[in-house]
Amino acid sequence: MMIPSAFCLTPTRTGTADTPCAPVILTGALFRDRLGEEMHMKLIVGLGNPGKKYDATRHNVGFMVADLLAQQLGENFTEKNRHRALVAEGFMAGEKVVLAKPLTFMNASGEAVRSLMDFYRLDPGDLFVLVDDMALAAGRLRIRPEGSAGGQNGMKDIIRHLGTQEFARLRVGIGKPSHEDAIRHVLGGFSGEEWPLVKEAIERAAEAVPVWIREGTQAAMNRFNG
């Protein structure tokens, strides 16, 4: 894939075209500004399903965290057809970040992630995936530097497309189904008892991302796992 030699530091707020501005030179996972200062870059991907009917479902917790991060940055998502994803760009913890929400539906998330990784020339160590987890009680967080998909189909597809499990992920607990099957559970909404716990977890997950960027996975694990 051809990689543009320069990118605009000012994210486009409307439309899909890039806004012309002073160039920032891309070299691997580093940007250089006009003064030649190096800036690292991270890709933060929230997993979920596109469409209004999925907005408030358990499976879309990753989207919810990504939405909160974009809100905190004051940026809007724009659709990038070439990546099959919604993308927002900004700065967090002193580094350039790309927030992404794949539009491929959960089980094909790897297509969008691989496209973005290739386009920005990122390594697996530059990727942080935000995802739901039935194995965790509602509202619990679990950050890991690497590992298996744990039965989560979006994670399975990312691992398949990247050819590695060695990338960081933040799992947000959505709890196990009590009587219904797993598919109905993840595509259902949170109960009145669950939502306050999950809402707090989403806020804590958003706090964990800049810690991961600034201090690394172990520091984020020590502070937010529970």
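This is a predicted model: local features need pLDDT of at least 70, side-chain atom pairs count only at pLDDT 80 or more; totals for chains, interfaces and linings use all residues.
Biologist: Which residues of helix α3 are buried?

Modeller: Buried is a matter of relative accessible area, and the cut-off is under 20%. In α3, which spans residues 153-162, the residues that fall in this class are G154, M155, D157, I158, I159 and L162.

Biologist: What covers the buried residues of α3?

Modeller: Here one looks for elements with heavy atoms within 4.5 Å. The cover of the buried residues of α3 includes helix α2 (109-120), together with the strands β8 (127-133) and β10 (168-173).

Biologist: What should I look for at the start of α3, and what just after the helix?

Modeller: At the start, a side-chain oxygen of Q152 comes to within 2.7 Å of the backbone nitrogen of G154, a residue that is itself among the buried ones of the helix.

Biologist: Which way do the residues of β10 point, and are they buried or exposed?

Modeller: A168, L170 and V172 point one way from the strand, while R169, R171 and G173 point the other way, and all of them are buried; β10 is therefore mostly covered, with six of its six residues under the 20% cut-off.

Biologist: Which strands pair with β10, and in what sense, parallel or antiparallel?

Modeller: Pairing is read from bridges, and at least two are needed between two strands. β8 and β10 run parallel and are joined by six bridges, whereas β9 (residues 141-144) pairs with β10 in the antiparallel sense over four bridges.

Terms used. Residues are numbered from 1 along each chain as its sequence is written. Side-chain values use heavy atoms; hydrogens and water are left out. Buried means under 20% relative accessible area, exposed over 50%, partly exposed in between (1.4 Å probe, protein chains only). Helices (H or I, at least four residues) and strands (E, at least two) are DSSP runs, numbered from the N terminus. A polar contact is a pair of N or O atoms within 3.5 Å; within protein, one must be able to donate a hydrogen and the other to accept it, and residues adjacent in sequence count only if both atoms are side-chain atoms.
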